[in-house]
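The sequence and the structure come first, and the description follows.

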Amino acid sequence: MTEDEFDAFYAAAFPRLTGQLYAFTGDHGEAQDVVQEAFVRAWDRRGHFLAQSAPEAWIRTVAMRLAVSRWRRARRWLELVRRTPPPDSTPGPGPEHTALVAALRELPPAQRMAIVLHHLCDLTVEQVASETGAPVGTVKARLYRGRAELAKRLAVGDEDDGRGEDAGGPVRKESRRVR
């Protein structure tokens, strides 16, 4: 079968085969996919189709086998999914995490970036400097200022209940008044 003959055969047989496979699969998109795949496989064998008496039957058989194979694969996947228990629910962030994220959002972007890269991504000061394009001294200053600002923001709302550090909470030092 020449390329032109194959093209004519494809144009005539594709809609008919798609209709037949649609009736078999119940899914028009799936029917088009398997018929197309069967024609792709037939393209490689187009020289032998002249000798065959029923090339359309060959393509229909291949398409039906492809559809059954896909159905089996989908069924095995579904069985696997059904057997696998759903993951335990992941608890939401705790109040400390929420407070930290809120405090980080209030920092200037450069300080926030330095703190996140250094403390959360475990980069060295030199690596932070390389990634941000800032000098090492600037990164150190941003880290210092950012940590100080975070300490202030996270300390607001903590009240010293007199229990001390051993009683479950950190001891806050009162700031001295300058006279």
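Of the contacts in the protein with a separation of 6 or more, 56% join residues 24 or more positions apart, where contact means heavy atoms within 4.5 Å. The model is a predicted one, in which local features need pLDDT of at least 70 and side-chain atom pairs count only at pLDDT 80 or more, while totals for chains, interfaces and linings use all residues. Residues are numbered from 1 along each chain as its sequence is written, and side-chain values use heavy atoms, with hydrogens and water left out.

## Overall organisation

The protein contains seven helices and zero strands; helices (H or I, at least four residues) and strands (E, at least two) are DSSP runs, numbered from the N terminus. Along the sequence the pattern is α-α-α-α-α-α-α. Of the 179 residues, 22% are buried. Buried means under 20% relative accessible area, exposed over 50%, and partly exposed in between, with a 1.4 Å probe and protein chains only.

## The cores and helix α1

The largest nonpolar core has 18 residues, and L21, V35, F39 and I59 have the most contacts inside it. Such a core is a set of buried Ala, Val, Leu, Ile, Met, Phe, Trp, Tyr and Cys residues joined through side-chain atoms within 4.5 Å. At least two residues of this core come from each of α1 (3-25), α2 (28-44) and α3 (55-83). Apart from this core lies another, of 14 residues, among them L107, I115, L123 and A129. In soluble globular proteins, nonpolar side chains tend to be buried together.

V35 touches F14, L17, T18, L21 and A63, leaving aside residues up to four places away in sequence. The buried residues of α1 are F6, F9, A13, F14, L17, T18 and L21, and they pack against α2 and α3. Helix α1 has a kink of about 40° at A13, shortly before the proline P15; the bend at a residue is the angle between axes fitted to the seven residues ending there and the seven starting there. Just after α1, G26 takes a positive phi of about 80°.

## The contact of α5 with α7

The axes of α5 and α7 (residues 136-155) come within 8 Å and cross at roughly 95°. Axes are lines fitted to C-alpha atoms, for helices over the stretch in contact, and angles run from 0 to 180 degrees between N-to-C directions. In α5, A110, Q111, A114, I115, H118 and H119 meet R142, L143, R145, G146, R147 and L150 in α7.

| Residue | Relative accessible area | Class |
|---|---|---|
| Q111 | 13% | buried |
| R46 | 22% | partly exposed |
| D122 | 63% | exposed |

Q111 lies in helix α5 and, not counting residues up to four places away in sequence, touches R142, R145 and G146. R46 is found in the loop between α2 and α3. With the same exclusion of residues up to four places away, R46 touches M1, E3 and F6. From R46 to E5 the separation is 41 residues in sequence and 9.3 Å in space, C-alpha to C-alpha. D122 lies in the loop between α5 (109-120) and α6 (125-132), and touches L117 and Q127, again not counting residues up to four places away in sequence.
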